[in-house]
Amino acid sequence: MMEDTMVKKDNLKIFDKVLFKRLFTYTKGYRLKYALVLLLTAITAGLDVLFPFLEGRTLKISGESPIEFSRIMWIFGGCVLCTLVSLILAYVQTMTLHKIGNDIVYGLREEVFKKIESLSIGQLSKIPVGK
């Protein structure tokens, strides 16, 4: 009994691999955009690490005597700039991924529609609902 479930799981894994490989072909035209999204993600991660570093610099400056408020304001401006750039990059990432996803789904729907249109009415009536 346990061997049957193992076989089913293995077959399912094989089916998943084949399915993902087949679906991955639909992303061929968008690989450059995916690379852009990965690059933007790396830049955003770098900016997220830079923000605590700038806060630390501010704390170090505020511990000195006399306190240089002009340097603190420059660092604060850098923090605001990092946050704005990070938000803009996150927006571009989101919109790019939405566009890629919509285009891929559109292509899949178009292909399914063409396949259904190519079938005769006799074939359609023989296929049970849900298969």
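Me: How many nonpolar, polar and charged residues are in the lining of the largest pocket?
Reply: The model is predicted: local features need pLDDT of at least 70, side-chain atom pairs count only at pLDDT 80 or more, and totals for chains, interfaces and linings use all residues. Residues are numbered from 1 along each chain as its sequence is written; side-chain values use heavy atoms, without hydrogens and water. Ala, Val, Leu, Ile, Met, Phe, Trp, Tyr, Cys and Pro count as nonpolar, Asp, Glu, Lys and Arg as charged, and the others, Gly among them, as polar. By class, the lining has five nonpolar, no polar and three charged residues.

Me: Which residues line the largest pocket?
Reply: A pocket is an open set of points on a 1 Å grid over the protein atoms alone, where a 1.4 Å probe fits, with protein on both sides within 12 Å along at least five of seven lines. Lining residues have an atom within 4 Å of a point. They are L19, R22, L23, Y26, L108, E111, V112 and K115.

Me: Which helix supplies the largest share of that lining?
Reply: Helices are DSSP runs (H or I, at least four residues), numbered from the N terminus. Both α1 (2–24) and α3 supply at least two lining residues each. The largest share, four residues, comes from α3.

Me: Why are K99 and D103 about one helical turn apart?
Reply: Their side chains meet in a salt bridge (Lys or Arg side-chain nitrogen within 4 Å of an Asp or Glu carboxyl oxygen). The N to O distance is 3.2 Å. They are separated by about one helical turn because they sit in helix α3 at a spacing of four residues.

Me: Is L87 buried or exposed?
Reply: L87 lies in helix α3. Buried means under 20% relative accessible area, exposed over 50%, and partly exposed in between (1.4 Å probe, protein chains only). At 54%, L87 is therefore exposed.

Me: What accessible area do M73, F76, V80, L84 and L87 have together?
Reply: These five form a nonpolar patch on the surface. Patch members have over 30% relative accessible area and no salt bridge; nonpolar side chains (Val, Leu, Ile, Met, Phe, Trp, Tyr) are joined within 5 Å, like charges within 9 Å. Areas come from the Shrake-Rupley method with a 1.4 Å probe; for residues, only the protein chains shown count as cover. Together they have about 500 Å².
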